[in-house]
Amino acid sequence: ELVASRGYESQSSKAYLRWSVVLSDALFLFPGALACVGTLYKRRRPEQRLWALASVLLQPALLLIDHGHFQYNGISLGLAAGAAAAILNNRTFLGAVLFSLSLNHKQMSLYYAPAFFFHLVGRCLRKKNPLLHISGLALVVFYTFLGCWLPWITTDYSFLHVLKRIFPFERGLYEDYVANFWCTTSLLVKWKRLFAGEKLRSFCLLATFVAMLPSCLHQLWKPSKKGLLYAMANTSLSFFMFSFQVHEKSILLPLLPVALLVLEQTVCSEWLAYVSAFSMYPLLERDKLGVAYMATLVLYWCVMRVGKTNAKRGPGPISTVLGSHNRTFFTLSVCVALGLHAAYALAPTLPRYPFLYQALITAYSFVHLVAILVELTASQMLLEDSNV
């Protein structure tokens with residue numbers, strides 16, 4: 001039955017999938033994003049908050065993956081946004097429950113776990129009885145996980161089988177052409193040939209830890225409301241770029257908090273939205289989503305132009321170096337991406353390098369993601385508000 005049903009597709013099945021994604025977005029992503037935007041920008045004008053909300057909900061990459069691939073990432077992302085909103089409103093226990101539910105819906109939410117952990121511990125350390133508050137949060141997380149896993153802990157086989165499916169280490173260092181460090185540098189260093197899987201996992205763990213350490217320590221010593229969103233962006237981007245077994249769609253994880261910071265990091269937020277969609281183009285084109293890809297990018301560009309008077313550069317080194325030339329650099333970046341699109345569509349495939357254009361798209365996207373990670377990490381370090 002499993003093999004026979006593989007690849008089944010009909011108009012009714014596609015309609016069911018599309019409406020189920022719309023319903024899940026309405027139940028989880030919309031309320032989570034609305035709560036987070038309303039909390040983070042409560043002192044901003046209503047039209048600014050509306051624009052910020054639109055920039056989150058109309059992210060091209062999220063629309064293409066969830067409504068083209070039917071991945072239901074909006075559920076876990078909505079729960080994570082709701083968790084952040086609850087914590088920003090000092091409802092830490094509710095935030096712990098919502099994030100635990102997000103993590104149990106999709107294990108990719110683990111990318112946010114260091115940010116939530118260090119932020120909450122940093123908050124607890126500022127209270128009169130820190131150990132009591134940490135214990136309370138630990139119990140909330142434990143019982144939430146227990147409720148989610150209860151059907152699978154009746155037998156050892158079921159529990160271990162689910163864990164193996166959640167963390168498929170045997171699937172390799174990365175999947176397909178993903179714009180992270182390991183895939184990009186494999187053009188020069190054949191990691192999979194040189195090192196065994198266990199050694200590669202150790203490299204990934206160390207690189208990810210080093211990349212996200214500044215953000216985590218910052219929230220431990222100076223937890224702040226904006227800092228939580230920055231830490232979510234930086235830890236998830238660190239995981240995407242350096243961790244083991246990364247899929248293209250994992251870019252949705254850093255995309256959410258950066259989109260929520262659009263009124264603080266307008267240029268960076270818009271930049272990441274385009275780069276994330278561009279980095280997935282080979283996957284999207286293979287699934288015949290090229291027209292939808294162009295349509296969602298144009299729609300997002302129109303939304304960003306409506307709110308361009310609210311544009312704000314971050315305080316990080318990339319924005320500082322570019323200064324008033326950021327728009328020129330942005331335009332050049334887009335022009336090169338369009339050139340790669342043209343080469344991908346029109347240039348003949350080279351027999352010796354059949355995946356050359358996919359590799360170029362991956363490498364070009366990776367360079368942009370490095371710049372964004374540097375910018376966001378530095379911007380977090382420069383935050384002055386430590387009030388929680």
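1. Starting with Gln-245: this residue is buried, with a relative accessible area of 16% (buried means under 20% relative accessible area, exposed over 50% and partly exposed in between, with a 1.4 Å probe and protein chains only). Gln-245 sits in the loop between α12 and α13, and its phi is near 60 degrees, a positive value in a residue other than glycine. Helices here are DSSP runs of H or I with at least four residues, numbered from the N terminus.

2. A word on provenance. This is a predicted model, where local features need pLDDT of at least 70 and side-chain atom pairs count only at pLDDT 80 or more, while totals for chains, interfaces and linings use all residues. Residues are numbered from 1 along each chain as its sequence is written, and side-chain values use heavy atoms, with hydrogens and water left out.

3. Tyr-72 is another one to look at for its backbone. Phi of Tyr-72 is near 60 degrees, again positive in a residue other than glycine, and Tyr-72 belongs to the loop between α3 and α4.

4. On to the helices that flank that loop. The axes of α3 and α4 come within 9 Å and cross at roughly 135 degrees (axes are lines fitted to C-alpha atoms, for helices over the stretch in contact, with angles from 0 to 180 degrees between N-to-C directions). The two are therefore oblique to each other; under 35 degrees counts as roughly parallel, over 145 as roughly antiparallel, 65 to 115 as roughly perpendicular and the rest as oblique. Leu-62, Ile-65 and Asp-66 of α3 meet Asn-73, Gly-74 and Leu-77 of α4, where contact means heavy atoms within 4.5 Å. The residues of this contact divide into 3 nonpolar, 2 polar and 1 charged (Ala, Val, Leu, Ile, Met, Phe, Trp, Tyr, Cys and Pro count as nonpolar, Asp, Glu, Lys and Arg as charged, and the others, Gly among them, as polar).

5. Still in α4, have a look at Ser-76. Ser-76 is buried, at 4% relative accessible area. Leaving out residues up to four places away in sequence, Ser-76 touches Ser-102, His-105, Lys-106 and Ser-109.

6. With 30 residues, α1 reaches 41 Å from its first C-alpha to its last, close to the 44 Å expected at 1.5 Å a residue (the expected span is 1.5 Å times one less than the number of residues). There is a kink of about 40 degrees in α1, centred on Asp-25; the bend at a residue is the angle between axes fitted to the seven residues ending there and the seven starting there. Asp-25 is also among the buried residues of α1, as are Val-21 and Leu-29. The cover over those buried residues includes α2, α3, α4, α12 and α13.

7. Then α14 and α16: their axes come within 11 Å and cross at roughly 175 degrees. That makes α14 roughly antiparallel to α16. The residues of the contact divide into 9 nonpolar, 2 polar and 2 charged. Phe-278 and Tyr-274 are among those on the α14 side, with Tyr-293 and Trp-301 among those in α16.

8. Last, His-341 in α18 (residues 326-346). His-341 counts as buried at 15% relative accessibility, and touches Phe-278, Tyr-281 and Tyr-293, not counting residues up to four places away in sequence.
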